[in-house]
Amino acid sequence: MTELNETHDPALRSWVPSANDDGADFTIQNLPFSVFRRQGSAEAWRGGVAIGDQILDLAAVAATGIMEGAAAQALQAATGAALNPLMALGPGAWSALRQALSRALRKGSAAQARLGTCLVPQSAAEYRVPARIGDYTDFYTSVYHATNIGRQFRPDNPLPANYKWIPIGYHGRASSVVVSGYDFRRPVGQAMPPGAQAPVVRASQRMDIELELGVFIGTGNALGEPIAIADAPAHVFGFTLLNDWSARDIQPWEYQPLGPFLSKNFATTISPWIVTTEALAPYRVAAPARPAGDPQPLPYLDAPGNREQGALDVQLEVLLQTPRMREAGMPATRISATNYRHAYWTFAQMVAHHTVNGCNLQSGDLLGTGTLSGPTLDQACALIELTVGGKQPVTLPGGEQRAFLEDGDAVILRGWCAKPGAARIGFGECRGTVLPARDVAY
Ligand SMILES: O=C(O)/C=C/C(=O)CC(=O)CC(=O)O
Ligand SMILES: [Ca+2]
Ligand SMILES: [Mg+2]
């Protein structure tokens, strides 16, 4: 990963005042990317960078001609309806653009006069999935999640024997990855009710969430050419919040022996903003020490940098708002909080493992970290864990209870990095609402 540089200096302030507010997600040290346009307009979709409560319109910046060299080339690659061309340019270009944007947005910058007209308020914008996602793969990197959910699905053998050797994953579905704010219908599918002789086809009765981070691949690898773990971080453009919505009654009936299928491919929601790997550099931390008795990672999954700086200190939370709470004017309430640093496998290990057989990752591919449950039950990031298979519902302000999601429930994921001596780096939010199932007889 990139070293710390001038763009990380916590003393930097922007001429966009809201970027300097206490608790602002989009500080001048962050500079995350999205694809946006004005809400309800027929404008072209184009790249934008968040600064405070504004979006710096990268197509408008390119039209001013104020950038030069590698930064100008990278800027041009971010002016279209998907960020794949920027992602494909690689870390040198991303870094050049970040440095130029940081300098242009700093207090006192001579660029202020020309860029003032390139801002669009976030409150007036709509977003789309920021890349053409060719493939989406979801991992399983929290040993706490794997153990908790394993107890529900496989009480005799909760943690599979391969877990501590292989970063387990399944191939997800790219076509149904949607951006925050997309409301989807409760899925219908086959479920085998306990004690039944034959499955039923019905609207899922166990709609669940999974709080994850999404990892966007920047530069890929040629088919047949693995990515070495030491090189893996440089292939990652950045991170989003990700909700892997899951139908827990469809899943146990369908998943053996080939893994999750229709229980998870009806919608996967990501946040609009991609926080770059470079922005997260101040928040690299050591990967958790492996408990005594656990195998050490095989050489292709091991690198000194991975052990010492392979994890990321990202604070994460899940919030829920029921229709009744919404009607009563009550805000969404937090039901879980965790940190990405607890993951058993790092994102570099995910990339190295995904390509060890020569499988080619491509610019814009999306990897999910897997559900990021932490060591204690209040850090569990799926309802099936939090409610122990639905047996211990969570109680919400106002007294309502939830074992799984009901129609109209909204789920909001949030994430941020913060510590003394470094600027806050926020992810914004990832939101989705479950609508009633289609009214169709099956
Ligand atoms: O243990 C299982 O059979 C299934 C686990 C999941 O549903 C989780 C999955 O999607 C991977 C993850 O998010 O960690
Ligand atoms: Ca998942
Ligand atoms: Mg999904």
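Predicted model: local features only at pLDDT ≥ 70, side-chain atom pairs only at ≥ 80, totals over all residues.
Visitor: What should I know before I start?

Guide: Residues count from 1 along each chain as its sequence is written, while chains are lettered from A and ligands numbered from 1 in the order in which they are written. Local features need pLDDT of at least 70 and side-chain atom pairs 80 or more, but totals for chains, interfaces and linings use all residues.

Visitor: Which domains does the chain have?

Guide: Domain bounds come from an automatic or database domain assignment. Here you get domain 1 (6–128) and domain 2 (136–435). Their C-alpha centres are 28 Å apart.

Visitor: How many residues does each domain bring to the contact?

Guide: Residues are in contact if their C-beta atoms, placed from the backbone, lie within 7 Å. Domain 1 brings 24 residues and domain 2 brings 26. On the domain 1 side, α4 (91–105) is among the elements supplying at least two residues, and α4 gives the most, with four.

Visitor: Which way do side chains point in a strand?

Guide: In a regular strand they alternate between the two faces of the sheet. Strands are DSSP E runs of at least two residues, numbered from the N terminus. In β3 (54–57), Q54 and L56 point one way, I55 and D57 the other. All four are buried, meaning 20 or more other C-beta atoms lie within 10 Å of the residue's own, with C-beta atoms placed from the backbone.

Visitor: Which strands pair with β3?

Guide: Pairing needs at least two DSSP bridges. β2 (46–51) pairs with β3 in the antiparallel sense over four bridges, with G48 bridged to D57. β4 (119–121) is also antiparallel to β3, over three bridges, and there Q54 partners P121.

Technical notes. Contact = placed C-beta atoms within 7 Å. Buried ≥ 20, exposed ≤ 12 C-beta atoms within 10 Å, placed from the backbone.
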